[in-house]
Amino acid sequence: MKQIEALESCIFPDAWDIEILGKMCGASAERLYAAIDDSSRVIGYCCCQTVLDECEILRVAVAPEYRRQNVGRRLLDFVTALLKREGFCFYFLEVRSDNVPAIGLYEGLGFELISQRSDYYSKGCHALIYRRVI
């Protein structure tokens with residue numbers, strides 16, 4: 001869990017500590033999925049929250065040196081397969097409008113833009129709401 005917390009603080013300017021990550025994932029780590037390398041180092045993670053047949057992706061992170069190597073795609077494919085087996089039907093997520101690489105990943109995985117919160121993060125930086133049917 002310390003590796004996830006370190007990755008969180010390396011990537012996000014508004015980093016959550018491990019306690020917050022755990023609470024956001026349903027008071028346990030059951031919805032906190034990690035990708036690891038050959039030496040068991042955490043190189044990415046996905047934090048989800050589930051309600052009824054919906055899953056909200058709260059955080060997706062990949063270590064900078066592992067980006068553009070399909071780590072995020074493989075992680076989200078893995079999580080999708082698990083959730084589909086459990087009967088979940090929808091994914092939702094929010095992404096900053098200036099996070100072009102993440103938007104490309106999500107759209108490439110079949111997420112569709114359904115809404116926008118204008119100036120949510122700052123003037124000119126919107127929150128884009130995406131949905132994917134699983």
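A residue counts as buried under 20% relative accessible area, as exposed over 50%, and as partly exposed in between. Asn 70, with a relative accessible area of 46%, is therefore partly exposed. Keep in mind throughout that this is a predicted model.

Asn 70 sits in the loop between β3 and α3. Its backbone is worth a look: Asn 70 has a positive phi of about 65 degrees, although it isn't a glycine. In general, most residues other than glycine have a negative phi. Arg 68 does this too, with a positive phi of about 65 degrees and no glycine to account for it. Arg 68 lies in the loop between β3 (54-62) and α3. What is the relative accessibility of Arg 68, and how does that residue count? The value is 85%, so Arg 68 counts as exposed.

**Where α3 meets α4**

Two packed helices are described by the angle between their axes and the distance between the axes. Is the crossing of α3 and α4 left-handed or right-handed? The crossing is right-handed.

Which residues do the touching? From α3 come Gly 72, Arg 73 and Leu 76, and from α4 come Leu 105, Tyr 106 and Gly 108. The residues of this α3 and α4 contact split into three nonpolar, two polar and one charged.

**Aromatic pairs**

Tyr 106 turns up again once you look at the rings. The structure holds four aromatic pairs, and one of them joins Tyr 106 to Phe 111. A pair of aromatic rings is described by the distance of the centres and the angle of the planes. For Tyr 106 and Phe 111 those values are 5.7 Å centre to centre and 65 degrees between the planes, an edge-to-face arrangement. Tyr 120 and Tyr 121 also pair, with centres 5.1 Å apart and planes at 90 degrees, so this pair is edge-to-face as well.

Are Tyr 106 and Phe 111 buried or exposed? Both are buried. Tyr 120, by contrast, counts as partly exposed at 46% relative accessibility, and Tyr 121 is partly exposed with a relative accessible area of 30%. Tyr 106 and Phe 111 also belong to an aromatic cluster, which they form with Tyr 91.

Now for a pair of residues in strands. Thr 50 is in strand β2, residues 42-51, and Ser 115 is in strand β5, residues 112-122. Thr 50 is partly exposed, with a relative accessible area of 27%. Ser 115 is partly exposed too, with a relative accessible area of 34%.

On the same terms, Ser 115 is in contact with Ala 127, Leu 128 and Ile 129.

Each can also be placed against a residue elsewhere in the chain, as the table shows.

| Residue pair | Separation in sequence | C-alpha to C-alpha distance |
|---|---|---|
| Thr 50 and Asp 119 | 69 residues | 27 Å |
| Ser 115 and Glu 5 | 110 residues | 30 Å |

Terms used: Residues are numbered from 1 along each chain as its sequence is written. This is a predicted model: local features need pLDDT of at least 70, side-chain atom pairs count only at pLDDT 80 or more; totals for chains, interfaces and linings use all residues. Side-chain values use heavy atoms; hydrogens and water are left out. A crossing is left-handed if the near helix is turned anticlockwise from the far one by less than a right angle, and right-handed if clockwise. Helices (H or I, at least four residues) and strands (E, at least two) are DSSP runs, numbered from the N terminus. Contact means heavy atoms within 4.5 Å. Ala, Val, Leu, Ile, Met, Phe, Trp, Tyr, Cys and Pro count as nonpolar, Asp, Glu, Lys and Arg as charged, and the others, Gly among them, as polar. Rings of Phe, Tyr and Trp (its six-membered ring) pair if their centres lie within 6.5 Å; planes under 30 degrees apart count as stacked, over 60 as edge-to-face and the rest as tilted. Buried means under 20% relative accessible area, exposed over 50%, partly exposed in between (1.4 Å probe, protein chains only). Lists of a residue's contacts leave out its neighbours within four places in sequence.
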